[in-house]
Amino acid sequence: MRYCPECKELMYLEERDGEIHYVCPSCGYEIIHDSSELSISVVRENKVLVLDRDTTAEPIVKVECPKCGNNEAYTWIVQTRSGDEGGTVFYRCTRCRYTWRIYT
Ligand SMILES: [Zn+2]
Ligand SMILES: [Zn+2]
């Protein structure tokens, strides 16, 4: 478990390119799960680039953004490590990039 150093939100795990990333659902802050503190600052500088690349690969669904009322959002599912029931569905608004989640 990690909390976002920016806004203290609980970060979720995302597996991407064989690496574990901690991602903040509210500001998009990312940390690569690595023991070296060096990689953390690198990821932070590339924050926007990384997020842009990801969102283009994610499917868009019709769902209303709770923040701006836009009704399209990118979606992806994060399975919990423990392998118990289901996963968490995430949505990211295509307009304002607000990210929220729904537990299944
Ligand atoms: Zn944050
Ligand atoms: Zn929105």
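Colleague: What is the order of the strands in the open sheet of 3 strands?

Modeller: This is a predicted model, in which local features need pLDDT of at least 70 and side-chain atom pairs count only at pLDDT 80 or more, while totals for chains, interfaces and linings use all residues. Residues are numbered from 1 along each chain as its sequence is written, chains are lettered from A and ligands numbered from 1 in the order in which they are written, and side-chain values use heavy atoms, with hydrogens and water left out. Strands are DSSP runs of E with at least two residues, numbered from the N terminus, and two of them pair if DSSP finds at least two bridges between them. The pairing in this sheet is antiparallel, and the order is β1-β2-β3.

Colleague: Which strands stand at the edges of that sheet?

Modeller: An edge strand here has a single partner strand, so one side of it is left without a neighbour in the sheet. The strands in that position are β1 and β3.

Colleague: Which residue is the bridge partner of His21 in β3?

Modeller: β2 and β3 pair in the antiparallel sense, over 3 bridges. The residue of β3 that is bridged to His21 is Ile32.

Colleague: Which atoms are the protein donors of the zinc ion (ligand 1)?

Modeller: Donors are N, O and S atoms within 2.8 Å of the metal (3.2 Å for Na, K and Ca); water is not among the atoms, so sites may look incomplete. For this ion the protein donors lie 2.2 to 2.4 Å away, and they follow the spacing C-x2-C-x16-C-x2-C along the chain. They are Cys4 (SG), Cys7 (SG), Cys24 (SG) and Cys27 (SG).

Colleague: What is the geometry of the site of the zinc ion (ligand 1)?

Modeller: Four donors count as tetrahedral if all angles lie between 85 and 135 degrees. The angles among the 4 donor atoms here are 103 to 128 degrees. The site is therefore tetrahedral.

Colleague: Is Cys65 buried or exposed?

Modeller: Buried means under 20% relative accessible area, exposed over 50%, and partly exposed in between (1.4 Å probe, protein chains only). Cys96 has a relative accessible area of 34% and is partly exposed. Cys65, at 1%, is buried.

Colleague: How many residues of β6 are buried?

Modeller: β6 is joined to β5 by 7 bridges and to β7 by 5 bridges, antiparallel in the pairing with β5 and in that with β7. The strand is mostly covered, and its buried residues number 7 of 7.

Colleague: Which residue in the turn between β6 and β7 has a positive phi?

Modeller: β6 and β7 form a hairpin with 5 residues between them. The phi in question is about 65 degrees, and the residue is Arg97.

Definitions and conventions
Tetrahedral: all angles 85-135°; square planar, octahedral: opposite > 155°, others 65-115°. Helix = DSSP H or I, 4+ residues; strand = E, 2+ residues; numbered from the N terminus.
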